[in-house]
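Hello,

Here is the structure I promised to pass on to you. Have a look at it first, and then read on for what turned up.

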Amino acid sequence: ERQSIVRAVYFGLLLLILVSQLAQSGVDVLHEAIVRPLGAGSGYYPISLSGALAGLVAYLGAFLYHAWIRARDIRQGPTIMGAAAWGSRLFHYGLAVGLMIGALYAVGTVIVTAGQALTAGGQSLGPTSSNYYYGGLTPPPASSAPWWVFPLVGALASVVVYGALWLAHWRYAAGLAARVDDQGVDERASRVRLTYFVLVVASVVGYSLMYLSQALGLALQFVVGLWHANLGQPLWAEILVSLLAALPIVAGWWWHRRRATREWASQPGTALRAIRPLDYFTSLIGIAVFGASLAMFIAAIGQKVTGFGLANVSADAWRSQAVGTIALMAVAAPIWLWPWLAGQRRLAIDPFGEKRSTARKAFLLAVAGVRGVVPLERPHLRKEA
(Lines give C-alpha, C1' and ligand atoms only; values in the text may rest on other atoms or scores of the structure.)
Protein backbone atom coordinates (compact mmCIF):
# COMPACT_ATOMS: atom_id res chain seq x y z
CA GLU A 1 0.00 0.00 0.00
CA ARG A 2 2.79 2.45 0.86
CA GLN A 3 4.53 1.77 -2.46
CA SER A 4 1.38 2.58 -4.45
CA ILE A 5 1.65 5.41 -6.98
CA VAL A 6 -2.09 5.98 -6.57
CA ARG A 7 -1.62 6.60 -2.84
CA ALA A 8 1.28 8.98 -3.58
CA VAL A 9 -0.79 10.97 -6.09
CA TYR A 10 -3.71 11.11 -3.66
CA PHE A 11 -1.63 12.59 -0.88
CA GLY A 12 0.25 14.86 -3.28
CA LEU A 13 -2.88 16.39 -4.80
CA LEU A 14 -4.67 16.66 -1.48
CA LEU A 15 -1.79 18.37 0.30
CA LEU A 16 -1.27 20.70 -2.65
CA ILE A 17 -4.91 21.83 -2.52
CA LEU A 18 -4.93 22.12 1.26
CA VAL A 19 -1.75 24.22 1.39
CA SER A 20 -3.02 26.50 -1.38
CA GLN A 21 -6.25 27.14 0.50
CA LEU A 22 -4.40 27.40 3.79
CA ALA A 23 -2.09 30.08 2.37
CA GLN A 24 -4.99 32.13 0.98
CA SER A 25 -6.94 31.90 4.24
CA GLY A 26 -3.87 32.82 6.25
CA VAL A 27 -3.17 35.91 4.13
CA ASP A 28 -6.84 36.97 4.36
CA VAL A 29 -6.93 36.60 8.15
CA LEU A 30 -3.71 38.54 8.73
CA HIS A 31 -4.60 41.24 6.21
CA GLU A 32 -8.13 41.86 7.42
CA ALA A 33 -7.22 41.65 11.12
CA ILE A 34 -4.67 44.44 10.63
CA VAL A 35 -6.20 46.79 8.03
CA ARG A 36 -9.66 47.00 9.55
CA PRO A 37 -8.56 48.57 12.88
CA LEU A 38 -6.40 50.97 10.85
CA GLY A 39 -9.42 52.08 8.80
CA ALA A 40 -8.17 50.75 5.46
CA GLY A 41 -11.42 48.94 4.69
CA SER A 42 -11.95 45.63 2.95
CA GLY A 43 -11.81 46.62 -0.71
CA TYR A 44 -14.46 46.38 -3.39
CA TYR A 45 -15.00 42.70 -2.55
CA PRO A 46 -15.14 42.52 1.26
CA ILE A 47 -13.56 39.49 2.86
CA SER A 48 -15.30 37.83 5.78
CA LEU A 49 -12.82 37.69 8.62
CA SER A 50 -14.78 35.01 10.45
CA GLY A 51 -15.07 32.97 7.24
CA ALA A 52 -11.36 33.28 6.54
CA LEU A 53 -10.56 32.27 10.12
CA ALA A 54 -12.89 29.26 9.91
CA GLY A 55 -11.22 28.21 6.67
CA LEU A 56 -7.78 28.61 8.22
CA VAL A 57 -8.66 26.32 11.12
CA ALA A 58 -10.31 23.69 8.89
CA TYR A 59 -7.54 23.63 6.25
CA LEU A 60 -4.79 23.62 8.87
CA GLY A 61 -6.33 20.68 10.71
CA ALA A 62 -6.82 18.67 7.53
CA PHE A 63 -3.30 19.46 6.34
CA LEU A 64 -1.61 18.50 9.61
CA TYR A 65 -3.48 15.20 9.77
CA HIS A 66 -2.72 14.12 6.20
CA ALA A 67 0.86 15.40 6.33
CA TRP A 68 1.42 13.33 9.48
CA ILE A 69 0.01 10.21 7.80
CA ARG A 70 2.22 10.66 4.73
CA ALA A 71 5.29 11.38 6.84
CA ARG A 72 4.61 8.13 8.71
CA ASP A 73 4.44 6.29 5.37
CA ILE A 74 7.88 7.58 4.43
CA ARG A 75 9.36 7.10 7.89
CA GLN A 76 8.55 3.38 8.02
CA GLY A 77 10.54 0.77 6.13
CA PRO A 78 11.16 -0.43 3.56
CA THR A 79 12.07 2.73 1.65
CA ILE A 80 9.45 3.90 -0.83
CA MET A 81 11.03 3.70 -4.28
CA GLY A 82 10.12 4.13 -7.93
CA ALA A 83 7.04 5.94 -9.16
CA ALA A 84 5.53 6.38 -5.70
CA ALA A 85 8.62 8.20 -4.42
CA TRP A 86 8.87 10.27 -7.60
CA GLY A 87 5.21 11.27 -7.45
CA SER A 88 5.44 12.38 -3.82
CA ARG A 89 8.48 14.53 -4.54
CA LEU A 90 6.87 16.07 -7.62
CA PHE A 91 3.97 17.51 -5.63
CA HIS A 92 6.10 18.39 -2.60
CA TYR A 93 8.80 20.29 -4.47
CA GLY A 94 6.34 21.78 -6.94
CA LEU A 95 4.47 23.33 -4.02
CA ALA A 96 7.74 24.48 -2.46
CA VAL A 97 8.65 26.29 -5.70
CA GLY A 98 5.38 28.22 -5.65
CA LEU A 99 5.73 29.12 -1.97
CA MET A 100 9.32 30.31 -2.35
CA ILE A 101 8.58 32.43 -5.43
CA GLY A 102 5.50 33.91 -3.77
CA ALA A 103 7.46 34.81 -0.64
CA LEU A 104 10.31 36.43 -2.58
CA TYR A 105 7.93 38.42 -4.75
CA ALA A 106 6.08 39.60 -1.65
CA VAL A 107 9.36 40.77 -0.08
CA GLY A 108 10.06 42.81 -3.20
CA THR A 109 6.55 44.29 -3.02
CA VAL A 110 7.10 45.27 0.63
CA ILE A 111 10.29 47.11 -0.30
CA VAL A 112 8.73 48.87 -3.31
CA THR A 113 5.61 49.96 -1.40
CA ALA A 114 7.57 51.09 1.68
CA GLY A 115 10.02 52.98 -0.51
CA GLN A 116 7.20 54.78 -2.31
CA ALA A 117 5.50 55.61 0.97
CA LEU A 118 8.72 57.07 2.44
CA THR A 119 9.77 59.09 -0.59
CA ALA A 120 6.50 60.14 -2.26
CA GLY A 121 5.89 63.01 0.11
CA GLY A 122 2.52 61.70 1.24
CA GLN A 123 1.02 61.74 -2.24
CA SER A 124 -1.61 59.03 -2.55
CA LEU A 125 -2.13 56.53 -5.33
CA GLY A 126 -5.29 56.18 -7.34
CA PRO A 127 -7.29 52.92 -7.29
CA THR A 128 -6.20 52.18 -10.87
CA SER A 129 -2.49 52.27 -10.02
CA SER A 130 -0.72 48.93 -10.29
CA ASN A 131 1.23 49.86 -7.16
CA TYR A 132 -2.00 49.90 -5.20
CA TYR A 133 -3.05 46.42 -6.20
CA TYR A 134 -1.46 43.36 -4.66
CA GLY A 135 -2.13 39.66 -4.89
CA GLY A 136 -5.85 39.82 -5.65
CA LEU A 137 -6.50 42.28 -2.81
CA THR A 138 -8.59 45.02 -4.42
CA PRO A 139 -8.14 48.44 -2.76
CA PRO A 140 -11.05 49.98 -0.88
CA PRO A 141 -13.02 52.76 -2.62
CA ALA A 142 -12.77 54.96 0.47
CA SER A 143 -10.27 54.70 3.27
CA SER A 144 -9.31 56.79 6.25
CA ALA A 145 -5.84 55.21 6.33
CA PRO A 146 -2.89 56.27 4.14
CA TRP A 147 -2.82 54.76 0.67
CA TRP A 148 0.13 52.48 1.45
CA VAL A 149 -1.51 50.63 4.36
CA PHE A 150 -3.64 48.31 2.24
CA PRO A 151 -0.95 47.01 -0.19
CA LEU A 152 1.86 47.00 2.41
CA VAL A 153 -0.10 44.92 4.90
CA GLY A 154 -1.13 42.52 2.13
CA ALA A 155 2.49 42.06 1.08
CA LEU A 156 3.68 41.59 4.66
CA ALA A 157 0.94 39.02 5.29
CA SER A 158 2.06 37.11 2.20
CA VAL A 159 5.69 37.20 3.34
CA VAL A 160 4.74 35.72 6.71
CA VAL A 161 2.34 33.04 5.43
CA TYR A 162 4.19 31.95 2.30
CA GLY A 163 7.54 32.14 4.05
CA ALA A 164 6.37 30.03 6.99
CA LEU A 165 4.84 27.37 4.75
CA TRP A 166 7.95 27.23 2.56
CA LEU A 167 10.17 26.92 5.63
CA ALA A 168 8.06 24.02 6.92
CA HIS A 169 8.33 22.26 3.55
CA TRP A 170 12.03 22.91 3.28
CA ARG A 171 12.82 21.67 6.82
CA TYR A 172 10.94 18.48 6.09
CA ALA A 173 12.76 17.94 2.78
CA ALA A 174 16.12 18.79 4.35
CA GLY A 175 15.45 16.25 7.09
CA LEU A 176 14.80 13.55 4.50
CA ALA A 177 17.96 14.45 2.57
CA ALA A 178 20.05 14.34 5.76
CA ARG A 179 19.15 10.74 6.55
CA VAL A 180 21.89 8.15 6.19
CA ASP A 181 19.64 5.30 5.08
CA ASP A 182 18.38 4.46 1.59
CA GLN A 183 15.69 7.12 1.88
CA GLY A 184 18.31 9.84 2.39
CA VAL A 185 20.48 8.60 -0.47
CA ASP A 186 17.49 8.48 -2.81
CA GLU A 187 16.39 11.96 -1.75
CA ARG A 188 19.80 13.55 -2.30
CA ALA A 189 20.16 11.98 -5.74
CA SER A 190 16.61 12.83 -6.84
CA ARG A 191 16.24 14.69 -10.12
CA VAL A 192 12.99 16.16 -8.82
CA ARG A 193 14.89 17.78 -5.95
CA LEU A 194 17.45 19.16 -8.41
CA THR A 195 14.63 20.43 -10.63
CA TYR A 196 13.29 22.36 -7.64
CA PHE A 197 16.59 24.25 -7.38
CA VAL A 198 16.65 24.89 -11.13
CA LEU A 199 13.08 26.26 -11.20
CA VAL A 200 13.65 28.55 -8.22
CA VAL A 201 16.90 29.87 -9.68
CA ALA A 202 15.27 30.44 -13.07
CA SER A 203 12.32 32.25 -11.51
CA VAL A 204 14.36 34.55 -9.27
CA VAL A 205 16.64 35.38 -12.20
CA GLY A 206 13.58 36.58 -14.07
CA TYR A 207 12.39 38.69 -11.13
CA SER A 208 15.83 40.22 -10.54
CA LEU A 209 16.11 41.02 -14.24
CA MET A 210 12.83 42.90 -14.04
CA TYR A 211 13.87 45.07 -11.07
CA LEU A 212 17.43 45.72 -12.27
CA SER A 213 16.34 46.68 -15.78
CA GLN A 214 13.75 49.00 -14.27
CA ALA A 215 16.45 50.79 -12.26
CA LEU A 216 18.73 51.09 -15.29
CA GLY A 217 15.83 52.21 -17.47
CA LEU A 218 15.03 55.06 -15.06
CA ALA A 219 18.65 56.22 -15.19
CA LEU A 220 18.67 56.11 -19.00
CA GLN A 221 15.37 58.00 -19.15
CA PHE A 222 16.95 60.75 -17.10
CA VAL A 223 19.96 60.87 -19.44
CA VAL A 224 17.78 61.35 -22.55
CA GLY A 225 15.42 63.76 -20.81
CA LEU A 226 12.40 61.46 -20.47
CA TRP A 227 12.29 60.96 -16.70
CA HIS A 228 9.59 62.69 -14.70
CA ALA A 229 8.81 62.46 -11.02
CA ASN A 230 6.51 59.54 -10.20
CA LEU A 231 4.27 60.11 -7.15
CA GLY A 232 6.60 62.92 -6.12
CA GLN A 233 9.61 60.59 -5.81
CA PRO A 234 13.08 61.90 -6.68
CA LEU A 235 15.10 59.98 -9.25
CA TRP A 236 17.53 58.51 -6.72
CA ALA A 237 14.62 57.15 -4.67
CA GLU A 238 13.01 55.37 -7.62
CA ILE A 239 16.32 53.79 -8.63
CA LEU A 240 17.22 52.85 -5.05
CA VAL A 241 13.83 51.24 -4.41
CA SER A 242 14.17 49.06 -7.51
CA LEU A 243 17.70 48.02 -6.54
CA LEU A 244 16.66 47.23 -2.97
CA ALA A 245 13.71 45.17 -4.21
CA ALA A 246 16.15 43.07 -6.25
CA LEU A 247 18.40 42.33 -3.26
CA PRO A 248 16.29 39.63 -1.51
CA ILE A 249 15.61 38.01 -4.88
CA VAL A 250 19.32 37.92 -5.74
CA ALA A 251 19.98 36.53 -2.25
CA GLY A 252 17.43 33.79 -2.90
CA TRP A 253 19.18 32.98 -6.16
CA TRP A 254 22.60 32.83 -4.49
CA TRP A 255 21.41 30.67 -1.59
CA HIS A 256 19.65 28.09 -3.75
CA ARG A 257 22.53 27.85 -6.21
CA ARG A 258 25.05 27.44 -3.41
CA ARG A 259 22.91 24.87 -1.59
CA ALA A 260 22.35 22.77 -4.73
CA THR A 261 26.05 22.86 -5.63
CA ARG A 262 27.11 21.83 -2.14
CA GLU A 263 24.60 19.00 -1.97
CA TRP A 264 25.69 17.48 -5.26
CA ALA A 265 29.38 18.09 -4.51
CA SER A 266 29.01 15.80 -1.50
CA GLN A 267 28.41 12.95 -3.93
CA PRO A 268 31.65 11.85 -5.64
CA GLY A 269 32.13 13.39 -9.05
CA THR A 270 28.58 14.72 -9.46
CA ALA A 271 28.82 18.45 -8.61
CA LEU A 272 28.53 19.36 -12.29
CA ARG A 273 25.16 17.59 -12.47
CA ALA A 274 23.82 20.54 -10.45
CA ILE A 275 26.01 23.29 -11.87
CA ARG A 276 25.18 22.55 -15.51
CA PRO A 277 21.37 22.75 -15.35
CA LEU A 278 21.54 25.78 -13.06
CA ASP A 279 23.90 27.61 -15.42
CA TYR A 280 22.27 26.67 -18.70
CA PHE A 281 18.74 27.50 -17.56
CA THR A 282 19.99 30.86 -16.25
CA SER A 283 21.69 31.48 -19.59
CA LEU A 284 18.51 30.49 -21.44
CA ILE A 285 16.51 33.17 -19.63
CA GLY A 286 19.20 35.74 -20.37
CA ILE A 287 19.43 34.99 -24.08
CA ALA A 288 15.63 34.82 -24.44
CA VAL A 289 15.16 38.27 -22.88
CA PHE A 290 18.17 39.68 -24.73
CA GLY A 291 16.95 38.35 -28.09
CA ALA A 292 13.39 39.57 -27.57
CA SER A 293 14.60 43.01 -26.45
CA LEU A 294 16.98 43.26 -29.40
CA ALA A 295 14.16 42.39 -31.80
CA MET A 296 11.94 45.09 -30.25
CA PHE A 297 14.78 47.61 -30.41
CA ILE A 298 15.44 46.87 -34.09
CA ALA A 299 11.71 47.11 -34.81
CA ALA A 300 11.58 50.50 -33.07
CA ILE A 301 14.55 51.73 -35.07
CA GLY A 302 12.95 50.46 -38.27
CA GLN A 303 9.72 52.30 -37.46
CA LYS A 304 11.66 55.48 -36.75
CA VAL A 305 13.61 55.30 -40.01
CA THR A 306 10.65 54.38 -42.21
CA GLY A 307 7.95 56.21 -40.29
CA PHE A 308 5.70 53.18 -40.63
CA GLY A 309 3.42 52.64 -37.64
CA LEU A 310 4.39 55.93 -35.94
CA ALA A 311 1.40 57.98 -37.05
CA ASN A 312 -0.18 57.99 -33.59
CA VAL A 313 3.00 57.52 -31.55
CA SER A 314 4.68 60.50 -29.90
CA ALA A 315 8.44 61.03 -30.00
CA ASP A 316 8.65 60.55 -26.23
CA ALA A 317 6.80 57.23 -26.44
CA TRP A 318 9.18 56.00 -29.14
CA ARG A 319 12.26 57.04 -27.17
CA SER A 320 10.86 55.50 -23.99
CA GLN A 321 10.40 52.17 -25.79
CA ALA A 322 13.93 52.31 -27.16
CA VAL A 323 15.40 53.14 -23.74
CA GLY A 324 13.45 50.31 -22.10
CA THR A 325 14.72 47.72 -24.56
CA ILE A 326 18.30 48.98 -24.16
CA ALA A 327 18.01 48.58 -20.38
CA LEU A 328 16.67 45.05 -20.77
CA MET A 329 19.50 44.09 -23.13
CA ALA A 330 22.13 45.57 -20.82
CA VAL A 331 20.89 43.53 -17.85
CA ALA A 332 20.10 40.34 -19.81
CA ALA A 333 23.48 40.19 -21.56
CA PRO A 334 25.58 39.26 -18.46
CA ILE A 335 22.86 36.87 -17.27
CA TRP A 336 23.19 35.10 -20.61
CA LEU A 337 26.97 35.32 -21.10
CA TRP A 338 28.32 34.61 -17.61
CA PRO A 339 26.96 31.02 -17.32
CA TRP A 340 27.40 30.39 -21.04
CA LEU A 341 31.10 31.30 -20.97
CA ALA A 342 31.51 29.14 -17.86
CA GLY A 343 30.09 26.25 -19.88
CA GLN A 344 32.48 27.01 -22.72
CA ARG A 345 35.42 26.83 -20.30
CA ARG A 346 34.18 23.47 -19.08
CA LEU A 347 33.87 22.40 -22.71
CA ALA A 348 37.53 23.21 -23.33
CA ILE A 349 38.59 21.16 -20.28
CA ASP A 350 36.24 18.18 -20.71
CA PRO A 351 34.69 18.19 -24.22
CA PHE A 352 33.20 14.72 -23.95
CA GLY A 353 31.55 15.24 -20.57
CA GLU A 354 30.18 18.68 -21.40
CA LYS A 355 28.74 17.67 -24.77
CA ARG A 356 26.96 14.72 -23.17
CA SER A 357 25.23 17.02 -20.67
CA THR A 358 21.45 16.91 -20.98
CA ALA A 359 21.24 20.51 -19.77
CA ARG A 360 23.58 21.73 -22.52
CA LYS A 361 21.68 19.84 -25.19
CA ALA A 362 18.38 21.22 -23.90
CA PHE A 363 19.80 24.75 -23.95
CA LEU A 364 21.09 24.47 -27.52
CA LEU A 365 17.91 22.82 -28.77
CA ALA A 366 15.76 25.47 -27.08
CA VAL A 367 17.75 28.28 -28.69
CA ALA A 368 17.73 26.48 -32.04
CA GLY A 369 13.97 25.99 -31.74
CA VAL A 370 13.45 29.72 -31.32
CA ARG A 371 16.02 30.62 -33.99
CA GLY A 372 15.53 27.59 -36.20
CA VAL A 373 15.42 29.72 -39.33
CA VAL A 374 19.05 30.73 -38.81
CA PRO A 375 21.19 28.16 -40.69
CA LEU A 376 24.33 28.95 -38.66
CA GLU A 377 22.84 27.28 -35.59
CA ARG A 378 22.53 23.87 -37.23
CA PRO A 379 26.21 23.10 -38.01
CA HIS A 380 27.10 23.80 -34.38
CA LEU A 381 24.43 21.40 -33.17
CA ARG A 382 25.53 18.69 -35.61
CA LYS A 383 29.15 19.21 -34.61
CA GLU A 384 28.44 18.74 -30.93
CA ALA A 385 26.07 15.86 -31.56
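Are Asp 279 and Arg 257 buried or exposed? Both residues are buried. Please keep in mind that this is a predicted model.

Asp 279 forms a salt bridge with Arg 257, and their closest N and O atoms are 2.6 Å apart. Asp 279 belongs to helix 8 and Arg 257 to helix 7, so the pair ties together parts that are 22 residues apart in sequence.

Asp 279 has another partner as well: its side chain meets that of Arg 346 in a salt bridge, at 3.4 Å from N to O. Arg 346 lies in helix 9 (residues 315-349) and Asp 279 in helix 8, so this pair ties together parts that are 67 residues apart in sequence. Asp 279 and Arg 346 are both buried. Through shared partners, salt bridges join Arg 257, Arg 276, Asp 279, Arg 346 and Glu 354 into one network.

The axes of helix 7 (residues 235-265) and helix 8 (residues 272-306) come within 7 Å of each other and cross at roughly 150°. Angles over 145 degrees count as roughly antiparallel, so helix 7 is roughly antiparallel to helix 8. On the helix 7 side, the residues in contact are Trp 253, Arg 257, Ala 260, Thr 261 and Trp 264. They meet Arg 273, Ala 274, Ile 275, Leu 278, Asp 279 and Thr 282 in helix 8. Sorted by type, the residues of this contact are six nonpolar, two polar and three charged.

How many salt bridges are there by the count? The count comes to seven. One of them is between the side chains of Asp 73 and Arg 7, at 2.7 Å from N to O. Asp 73 sits in helix 2 (residues 49-75) and Arg 7 in helix 1 (residues 5-35), so the pair ties together parts that are 66 residues apart in sequence. Asp 73 counts as buried because its relative accessibility is 3%, and buried means under 20%.

One last stop is Gly 175, which is found in helix 4 (residues 149-177). With a relative accessibility of 37%, Gly 175 counts as partly exposed. Gly 175 and Glu 187 are 12 residues apart in sequence, and their C-alpha atoms are 9.9 Å apart in space.

Terms used. Residues numbered from 1 in each chain as written. Predicted model: local features only at pLDDT ≥ 70, side-chain atom pairs only at ≥ 80, totals over all residues. Heavy atoms only, no water. Axes fitted to C-alpha atoms, helices over the stretch in contact; angles between N-to-C directions. Helix = DSSP H or I, 4+ residues; strand = E, 2+ residues; numbered from the N terminus. Parallel < 35°, antiparallel > 145°, perpendicular 65-115°, else oblique. Contact = heavy atoms within 4.5 Å. Nonpolar A, V, L, I, M, F, W, Y, C, P; charged D, E, K, R; others polar. Salt bridge = Lys/Arg side-chain N within 4 Å of Asp/Glu carboxyl O. Buried < 20%, exposed > 50% of the residue type's maximum accessible area, 1.4 Å probe, protein only.
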